[in-house]
Amino acid sequence: MNYPIPDSPQDILALQQKPIDEELVASAIAGVIKIVRSQGKSLDDLTAQILEDDQLLDRQQRRWLSQLLAQAWESFT
């Protein structure tokens, strides 16, 4: 992977300066999972946060993202 796994929310925000590709997205997802776990939160906590209504993603996109994060979460265990 060309990008290190982010260790903090600031590291994830810094990824915005990079061109978007599959490896960048994978790095961001891995970083989110790493940070959430380090905070002692569960996959259920992360899923609930992703499924909250917001202006960025619609309901279908939030569900798809929560499923993707669940698959990634399981691959890290």
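This is a predicted model: local features need pLDDT of at least 70, side-chain atom pairs count only at pLDDT 80 or more; totals for chains, interfaces and linings use all residues.
**View 1. The largest pocket and the residues that line it.**
Welcome to the largest pocket, which holds about 910 Å³ of space. Its lining is made up of 25 residues. Which helix gives the most? That is H2, with 7 residues. Sorted by class, the lining of the pocket has 19 nonpolar residues, together with 3 polar and 3 charged ones.

**View 2. Helix H3 packed with helix H4.**
Here the axes of H3 and H4 are 9 Å apart, and the two helices pack at an angle of about 160°. An angle over 145 degrees counts as roughly antiparallel, so that is how H3 and H4 are placed relative to each other. The crossing of H3 past H4 is right-handed. On the H3 side, you can pick out Leu43, Leu46, Thr47, Ile50 and Leu51 in the contact. From H4 come Arg62, Arg63, Leu65, Ser66, Leu69, Ala70, Trp73 and Glu74. This contact of H3 with H4 has 8 nonpolar, 2 polar and 3 charged residues.

**View 3. Helix H2 crossing helix H4.**
How do H2 and H4 meet, at what angle and within what distance? They cross at roughly 70°, and their axes come within 10 Å. Angles of 65 to 115 degrees count as roughly perpendicular, and H2 and H4 are therefore roughly perpendicular to each other. Look for Ile29, Ile33, Val36 and Arg37 of H2, which make the contact with Leu68, Leu69, Ala72 and Trp73 of H4. By class, the contact of H2 with H4 has 7 nonpolar residues and 1 charged residue, with no polar ones.

Terms used: Residues are numbered from 1 along each chain as its sequence is written. Side-chain values use heavy atoms; hydrogens and water are left out. On a 1 Å grid over the protein atoms alone, a cavity is a set of points where a 1.4 Å probe fits but cannot get out, and a pocket is an open set with protein on both sides within 12 Å along at least five of seven lines; lining residues have an atom within 4 Å of a point. Grid points are joined across faces, edges and corners, and a volume is the space filled by probe spheres set on the points. Helices (H or I, at least four residues) and strands (E, at least two) are DSSP runs, numbered from the N terminus. Ala, Val, Leu, Ile, Met, Phe, Trp, Tyr, Cys and Pro count as nonpolar, Asp, Glu, Lys and Arg as charged, and the others, Gly among them, as polar. Axes are lines fitted to C-alpha atoms, for helices over the stretch in contact, and angles run from 0 to 180 degrees between N-to-C directions. Angles under 35 degrees count as roughly parallel, over 145 as roughly antiparallel, 65 to 115 as roughly perpendicular and the rest as oblique. A crossing is left-handed if the near helix is turned anticlockwise from the far one by less than a right angle, and right-handed if clockwise. Contact means heavy atoms within 4.5 Å.
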